[in-house]
Amino acid sequence: MQVEKFYYDNKIVKAFGIATVVFGIVGMLAGLWAAIQIYYPDSSLNLAATTFGRLRPLHTNAIIFAFVGNSIFMGIYYSLQRLCKTRMFSDKLSWIHFWGWQAIIAAAAITLLMGATTGKEYAELEWPIDIAITLIWVVFGINMFGTILKRREKHLYVAIWFYIATWVTVAMLHIVNSVEIPVSFLKSYSWYAGVQDALVQWWYGHNAVAFFLTTPVLGLMYYFLPKAANRPVYSYRLSIIHFWALIFIYIWAGPHHLLYTALPDWAQSLGVVFSIMLIAPSWGGMLNGLFTLRGAWDKVREDPVLKFMVVAVTCYGMSTFEGPMLSLKNVNAISHFSDWTIAHVHIGGLGWNGFLAFAILYYMVPRMWGTSLYSKKLATNHFWLGTIGIVLYAVPMYWAGFEQSIMWKSFTPEGTLKFQFLETVTNIKPLYIVRSIGGALYLAGAFFMVVNLVKTIAKGKFVANEEAEAAPLVKEASHKKEYWHRILERKPVTMLVLSLIVVAIGGLIEMIPTFLVKSNIPTIASVKPYTPLELQGRDIYVREGCYTCHSQMIRPFRDEVKRYGEYSKAGEFVYDHPFQWGSKRTGPDLAREGGKQTDAWHYNHMYEPRSMSPGSLMPRYVWLLDNALDTASTPAKIRAMQTLGVPYPEGYDKIANRDLMKQADLIAANLKKDKIETPSNAEIVALIAYLQRIGTDIKAEPKQTIAENK
Amino acid sequence: MLSFIRKTSKTVLRVLGVFLLISLATPVWAAGPPEPSIFSNPLALTFIILMIILLIIIGILAYILIGAADLKLRKEKKPGASSAAAFVLPFLLLSGSSVFAQGGVKAEQTTVTATSSIGGMAASTFYIMATVVFLELLIIIVLLLNIRFLLKKEKEKIAEPVTEAEIAKVIEEKRNRLSWWDKFNSLRPVSQEADLDLGHDYDGIRELNNRLPPWWLYGFYLTIVFAAVYLWRFHVSHTGPSSKEEYETAVAKAELKEKEYLKTKGENIDENTVVFLTAKAELDAGKVIYEKGVCSSCHGTDGSGIVFGQPGVGPNLTDDYWLNGGSIKNIFTTIKYGVAGKGMQAWSSTYSAKEMAQIASYIKSLKGAKLPKVKDPQGELYKEEETKPATDSLKIINDSINAKDNKVAMN
C-alpha cells in the first residue's frame, strides 16, 4: 500500500505549552497570595481587587481553566495527531481555539478582580464569558472531531475515548449550570434558586473535577505514560471497563458536596453510594498506569518524567480513595467546611494535575526541539521540591481540618460549646503558615522547570512541522469477527452519542425530581422575597466573594444548632438566586446572622474586623463605606427576579427604589444613634440590610417555641 | 514426598486461619448482647493483637518454608536425592495433628466454662485465647526448626561447584516465578507478555490484555452491594436514621447527660436562683471571661463602653443606667438570652450557667469603680432606663439574701 507523508503541527502545541507554564505560575502565585492573606489579612493591601474573596476565585479559575486547561489542550493537540496519524483538522481552528481560550482567561482575570461573579464556585465567570467559552469549546470540538474523522488509524485508542467523553460532558455541564438571566453586561442571576441551584451547581462543580481535571488527564496519561516508559499498556480489558464505569458513575456523585444540607435525603444518599462505587473505576485508571510500568521500574529511578508520572498517578489513586471516604456521611460531618477538603483537592491539584502537566512538558519539549533535556538533575530537584511542597501543604491542612472540626464539636459537660468560633481559627494559624511554605516550595520547583525548559529550548531547534508517514485508511468491505468494543472504536460518532447518553442519566435522575416534585422543597409561608435594598446588599455579598469563607447552611448537628441557631430548611432558600451555601468556613456560618449583631457592629466590623472581634482573620472592607450604591440597576434586577418567579407585585420595579431609600434611611438613622455618620446610599448600608435579614424569616413563625426551649 | 509436605503445610495454614477466625468470633457470640464489645477489654485486646501478630509471623515463616522446600524439591529430582523429606514430614504432621487435637479440646472448653471471669473477661474466652497463643508459639517453633533443618542442608550443598548453565537456569526461573504480589494481582510473568499482546499499535503504544486484578473486580462488586444495602437501609426499610432523626437523637442524648451532670454537680443555676457572687475568686473568674471573651469588644475592657477610644457598640456598664434592668437577675438574663435585634448575643450556648453568673457578678462589681479615665457619656442609649437608688449596694445584698432564702426554701 502507498504510504502517505504528512506533518504534525508542533507550533500549536508549543503555544499551549507556553500558556500552560505562564498561567501555571500566575495561578500558583494567586494561590500563595490568598494563602498568606488568611493569616496576614493586611497583605490584601486593603484593595477590593486583591482581597481574598476575589483572589480565591481567581486562583481556582486560573489553576483549573488556565493552567490545567491549557495543559490538556497542549497534550491533546500533541497526542491526538499522533494517535490519529494525521495533522489537526484545521490550523485555523487550532489558532482560533488557542487565542480564544487565552482571551477568555484574560477576560476572566479582569472581571473576577472587578468583582463580576455569578457566585457559583468554579463557574464564577459572568454570562458574556460563558457564551465565549461555549463558542470556543465548539471550535475545539469541531477541530478534534475533524481530526478524528480524517484519521489514518482504524481504531480509536483509549486516550481518545477519554477526550471524547470530556468534550461532550463538559459541554453539557457548562451549558446546564450557566443558565442565567442577564441583568446588565456583567451581572446575571442564576436561573435556579436555593436547593435546586445547589444541586445543579455541585453536579457541575463535582464533575468539573471529574471531566476537566480527571478524564482528559487520564487520556493524557494513557498516551504519555506508555510512551515515556516504552512499555505496553497493562490491560485493554481494564481500560474498557474502567472508562465506561467511570463516566457513568462520576456524574451521580455531585450531591456528596451537600451532605447534611437542606438537599433531600434521597439525593444525598445517591451521592454517597455512587461515590463509593466510584472507587474501583477510578483505581482502574491508576492500576493501568502503574502496572504499565511493570518491568520499567528501574527506569523510574533514572528518568524525571517517569518520576513525576508515578507520583501523579499515586496521588490520583490516593485522592480518589479519599474522596469516596469523605462522601460517607459520618466522615463528611467532620471534614466538610474544614481545611480537610482543601488538603484533599490539593493532593489532586498539586499531585495529579500539576505533576502530570510537568511530566508532559519534560517529555515533549526535548522532542519538539530535537534535543535532550538540559539538566536531568535540575528536573530531579524540581521533583523533590514539588513532592516536599505537597507534603508540607497537605499534612498541615489535614491536621488543621481535623483539629478545627473537633473543636467545633466540643462541648463542656454543662452542655455549652467549649470553643468560640474565633478560637478555633486562631488555633490553626500556625498550620496556615506552614501550608503557605509548602505552596511556596512547590512554586519554586515550577521556576526550576522554567529555567530547565528555557535552557533546553536554547540548545535545540524547534521542529514546527514534524514529518511522519502512514498508510491511508481503506474501507474494508467486511470485517472479520471483532470483539464488540473494537467495533465501537471504529465509530467515533457512535462513541460520542453513547458517551452523552451514559453521562446524562445520572444528572437527569437526580435533577428532574428535585425540580418537579414539590415535597422535596416544603414551602415556608413566612419566607418572603428580599427587599430591594437587601437584594442590592446580597449582590454586594456575592461580589465580594463572602461565600469563599462563610457558609449559609446550618447542618442538623447539635453543635451547629447551638452555635448558629435552628438548622437550615429547604424552604428558606426559594428566592436565593444564586444560592450562597458556601463550602468552607474560615469564618462562622451566616445562615442566621440577621439580628445577631447591631447595625453599628457590622459597620465597625467591615471597617476593621479586629476592632469588633480581636484576633479575627477577616480582611477589611473599607471601600464599602465609601462606595455609593448603584441604585440605577434596581428596576432591572427586580424585573429579572420577577422573570425568575420571585413574587414582587406587578410594576414594583418602578417604585422599588423608593422602598430602597426608605429602608436605607432607617439604617442610616439607626447608625447615627451609635454616633456613626454615613450617607444612606453607601454600599455598606445595603450590605447591613442583607446581613440583618439572613435567616430571620423563619423566626417570624414559631416565636414562642424558641423561648420555651430555653 | 516433598510436594506432599508443601501441600500439608498449606493445609495446616488454612485450617489454622479458619480456626483462629472462629475462635475470635466465638466469645463475642457466646457472650451475647450485654457485653458491648470484646475490644473494650484491654487484656482481650492485647490477646487479639498478639494472636494476629503471631499469625502473621507464622504466615511469613510458612512462606519461607514452602519456598525452601520448593527449592529442595527441584534439587531432589536430580539423582542422588537425600532423605531429608522423611525427616521434615513427621514435624509437619506433628504440628498439624496437634492443631486438631487442641481444637477439639477447645471446643469442649467453650461449652463447659462460662461462669467465672479472668482479667475482666469470661474464663472460657481467656483460656481459648491463651491456648491459641500457645499453639501459635508452638507452630512457630516447629516452623523455625524445619527451616533451620532445610537451610543447613542447603548450605552444605552450596559448597559444591555450580555450572554456568545452572546459573542461567536459575535466572530464567526467577523471571518466570511469580511473587505474592503478582499472584495477588493475577499478573502473568513478564516473559509471557507476548501471549497477552493484542497486536494493537497506536503511535508505538502496544496493549496487553491482562486479566482484571481479582481484588479490584471483587472490590467493585462489593461497593455495588454496599450501595444496594445502603439505599435499602435508608430509603426502603428505614432502619437507618435520616439526618433529622440523627440530630434529634443526638440532642436528646446530650440533654439527658447534661441534666445528670448538673444534678451531681449541684450547679443548676438559672435566672431565678442566681445570686451576686462577691467572693474574689468568683469575680476574678468573671473578669477573665469578660476580658478574654468578646464582652470587651463592645463594652470596653473596663466596662466603660469605650472601645479603642471611641464609643463602643455596647452601653456603659459602670454607670447607673441600664437598658434591660440592673439587678443581678436582669444582667444574668440579658447575658443568657441576649437582646434580639440590639446586638447583644445570647451567650447560653457559649458559657455555662456558673460562668454567666460569674460574668454578671463581675459586671455588677464594676459599678463602684467610676474611676476610668475615658468615660462614656452618661446615659448612653438611656431610653428605657431603670435607675437604681443610691442605696444600691444594700439592695443587692438584700436581693442576694432573698435569693439565697428562696433557694434554701426551694431545696
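How much accessible surface does chain A have, and what share of it belongs to carbon and sulfur atoms? I looked that up first: the accessible surface comes to about 24,600 Å², and 67% of it belongs to carbon and sulfur atoms. Areas like this come from the Shrake-Rupley method with a 1.4 Å probe, and for residues only the protein chains shown count as cover.

Ground rules, before I go on. This is a predicted model, where local features need pLDDT of at least 70 and side-chain atom pairs count only at pLDDT 80 or more, while totals for chains, interfaces and linings use all residues. Residues are numbered from 1 along each chain as its sequence is written, chains are lettered from A and ligands numbered from 1 in the order in which they are written, and side-chain values use heavy atoms, with hydrogens and water left out.

**Chain A.** I found 28 helices and four strands in chain A; these are DSSP runs, numbered from the N terminus (helices H or I, at least four residues; strands E, at least two). Of the 710 residues in chain A, 67% are buried. Buried means under 20% relative accessible area, exposed over 50%, and partly exposed in between (1.4 Å probe, protein chains only).

**Where A meets B.** I checked contact next, meaning heavy atoms within 4.5 Å. Chain A puts in 73 residues and chain B 66 residues. The two chains bury about 6,100 Å² between them, with 62% of that on carbon and sulfur atoms. Buried area is the accessible area (1.4 Å probe) that two parts lose on being put together, summed over both. A:Tyr234, A:Arg294 and A:Glu414 supply 11% of what chain A buries against chain B, more than any other three residues.

**Salt bridges.** My rule here: a side-chain nitrogen of Lys or Arg within 4 Å of a carboxyl oxygen of Asp or Glu. I got 39 of them over all chains, and five across the interface of chain A and chain B.

Inside chain A, I noted A:Arg486 with A:Glu489, closest N and O atoms 2.7 Å apart; both residues are buried. A:Glu544 bridges to A:Arg543 at 2.8 Å, and again both are buried. A:Arg543 and A:Glu544 also belong to a salt-bridge network with A:Arg54 and A:Glu683.

Buried or exposed? B:Asp195 is exposed at 57% relative accessible area, and B:Arg188 counts as partly exposed at 33%.
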